[in-house]
Amino acid sequence: MHQGTLNQDSGRWTMGRNSRPAPRDMVVAPGLRPPRAGQPTQRGYALLINPFYPKDPRASYGKHVLTPTLALTSIAGATPPHWDVRYWDENLLQGAPPGDPLPQVVGITVHLTFARRAYQLADWYRGQGCRVVLGGLHVLSCPDEARQYADAIAIGDGVQLWPQILEDIERDALRPRYEADYSRPYALDPPARRTILPRESFLTTSSVIATRGCHNRCGFCYLSTDGLHMPYRMRDVQQVVEEIVADRQPYVVFIDNNLGSRPAYLRGLCGALRPLEIIWSAAVTIDVTDDPSLIREMALSGCTGVFVGFESLNGGNLTASRKRTPVPEDYARRVAIFHRYGIQVNGSFVLGFDHDRPDVFERTVEWIEANRLECATFHILTPYPGTPLFRQLEAEGRILHRDWDKYDTAHVVFEPKQMSAEQLDRGYAWCYTKLFSHSSIWKRRPADNTAVLAYLAMSYLYKRSNRFWHLLIRHRLTAAVWRPLIELSRLRHLRLRERLQIVDAAENTNGGEVRASQVVSGGV
């Protein structure tokens, strides 16, 4: 794929050869057979569904099978033992959800980008006599819309609500609406039930959450949705460790919004993870580098990669979004702290803020390359319903439509302020094309020559192999191919930890630097 060129005067990109079209089953939901009239439902059988959503061929398909959705495994963990609970993820490309036998109750998680598919599934199951319960963030933000397609909606903490919903179904007393807040102590939540997962279909089944919430409330983030009051909560560290040990995976992905919101907690968690000799990745904000010794503790406990929401390199955008963060001018120094301890950085950048001009795309990619970020994720600014950003753009008449399928951060759904919608769309595509180009991958190679080969393997397997990923997903080979590589990564990282301990004193006294990690991190 050619990286293309940018004409800043016209704001148009010459893309060279177009990328290959996405396989049909990556962009089109599987068909549903005609409903069968008169087929009875199986009492005591609950089916949990993660609906299909189209995949952006410009990004890696691998991220869609990195981990399973923790929302549904957590709901499964809250299911009473006398219920038979099963799991179906349409994004694993195994076809439409099962209908023989028909479940007594179907629980469907609803996100903005696949709300239409969730409603289609709900109609299909309800038409055959199943009770359908809808939950998730989109149900919270648009309850009246969701209510039309469900026997009951669950608003808020579904882990609390699910046992009551099932009990009411058994008593034939199901209510149309259930609500719970997030104030209950985390320690009361049962562990996620991962035994229902097709382990062969994911890079790791250990998607784990240790904390809930974030100290930021950015105006564009779903955490700022009206009606969502999610105080910051921390699970008992030992509870987290026991859950990780029980799943027996070498690689763990923490799906917390911000694992580093409480540095003291993160330090304690690192101490508990260290004896496990696993590797892990997590989302953090860049201010976690305020204390470099904490980054060292992360590395010693097995952290190989972090997902950092830089969002923008323009301070005006960050201020307008109410994101509390160090100034962008200090980002480079902080990225170097992660690299000093062998931790790879996947940077997240949002494009289309009001201070962004047509040169934002080139400037962002240049910064990524200059600071050798191993990976980056781009998002078109998307106003989620119920957020301050949505209200602002709606009041300004800048919302282009309400086709929720397109609210996936890969489509322009509003009128940008400093460029046209077409310029924003083309710029977003150009960023991915440039980042995944041979030249950019080479520019961002580690400074340590001994780490280059592993970095290149990660870059090409993860970022430039969508045809290969499609094959793995369809044939349920993700685990078979990737887990041996993850185990090799874990063993390499154990050697890195030994080096960290040896050179730590030298680094503190004479500026010595730890070599960059040779780990190929599945999380980056």
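In the predicted model, helix H12 (residues 360–370) packs against helix H14, their axes lying 9 Å apart and meeting at an angle of about 20°. Because angles under 35 degrees count as roughly parallel, H12 is roughly parallel to H14. The crossing of H12 with H14 is right-handed. On the H12 side the contact is formed by Phe 361, Glu 362, Val 365, Ile 368 and Glu 369, and on the H14 side by Gln 423, Leu 424, Gly 427, Tyr 428, Trp 430, Cys 431, Lys 434 and Leu 435. Sorted by class, the residues of this contact comprise eight nonpolar, two polar and three charged.

Pro 263, Leu 266, Arg 267 and Cys 270 of H8 meet Ser 293, Leu 294, Glu 297 and Met 298 of H9; by class, five residues of the contact are nonpolar, one is polar and two are charged.

Six strands form an open sheet in the order S9-S12-S13-S14-S15-S16, with parallel pairing. Strand S9 (207–208) and strand S16 (375–380) are the edge strands of this sheet, each pairing on one side only. Within the sheet, strand S14 (residues 303–311) runs parallel to strand S15 (residues 344–351), and six bridges join the two; Gly 309 has Ser 348, in S15, as its bridge partner. Helix H14 (residues 421–435) packs on the sheet, where it touches S15 and S16 and takes a direction that makes about 170° with that of S16.

The loop between S14 and helix H10 (315–320) contains Leu 313. With neighbours within four places in sequence left aside, Leu 313 is in contact with Pro 328, Tyr 331, Phe 349, Arg 363, Thr 364 and Trp 367. The C-alpha atom of Leu 313 is separated by 7.9 Å from that of Glu 329, a residue 16 residues apart from Leu 313 along the chain.

Another open sheet of six strands, with parallel pairing, has the order S4-S3-S5-S6-S7-S8. Strand S4 (84–89) and strand S8 (177–180) stand at its edges, and since each has a single partner strand, one side of each is left without a neighbour in the sheet. From one strand to the next, the twist averages 20°. The pairing of strand S3 (residues 41–50) with S4 is parallel and extends over six bridges, with Asn 50 standing opposite Asp 89 in S4. Helix H2 (residues 70–77) lies across S3, S4 and strand S5 (102–109), running at about 155° to S3, while helix H3 (residues 115–126) lies across S3, S5 and strand S6 (131–135), running at about 165° to S5.

Several residues in loops of this region were examined individually. Thr 69 belongs to the loop between S3 and H2, and beyond its neighbours within four places in sequence it is in contact with Asn 50 and Tyr 87. Between the C-alpha atoms of Thr 69 and Thr 109, which are 40 residues apart along the chain, the separation is 9.6 Å. The loop between S4 and S5 contains Leu 93, for which phi is near 60°, a positive value in a residue other than glycine. Pro 101 also lies in the loop between S4 and S5, and the peptide bond that joins Asp 100 and Pro 101 is cis, with omega about 5°. Most residues other than glycine have a negative phi, and most peptide bonds are trans.

As to the confidence of the prediction, the mean pLDDT of the chain is 88, and 88% of its residues reach 70 or more. Over residues 1–18 pLDDT stays under 50, and the model has 39 contacts beyond four places in sequence for this stretch. The pLDDT is likewise below 50 over residues 512–524, a stretch with 57 contacts in the model beyond near neighbours in sequence. Where pLDDT is low, the predicted coordinates should not be read in detail.

Definitions and conventions: Residues are numbered from 1 along each chain as its sequence is written. This is a predicted model: local features need pLDDT of at least 70, side-chain atom pairs count only at pLDDT 80 or more; totals for chains, interfaces and linings use all residues. Side-chain values use heavy atoms; hydrogens and water are left out. Two strands pair if DSSP finds at least two bridges between them. Helices (H or I, at least four residues) and strands (E, at least two) are DSSP runs, numbered from the N terminus. Axes are lines fitted to C-alpha atoms, for helices over the stretch in contact, and angles run from 0 to 180 degrees between N-to-C directions. Contact means heavy atoms within 4.5 Å. pLDDT is the predictor's confidence in each residue, from 0 to 100. Ala, Val, Leu, Ile, Met, Phe, Trp, Tyr, Cys and Pro count as nonpolar, Asp, Glu, Lys and Arg as charged, and the others, Gly among them, as polar. Angles under 35 degrees count as roughly parallel, over 145 as roughly antiparallel, 65 to 115 as roughly perpendicular and the rest as oblique. A crossing is left-handed if the near helix is turned anticlockwise from the far one by less than a right angle, and right-handed if clockwise.
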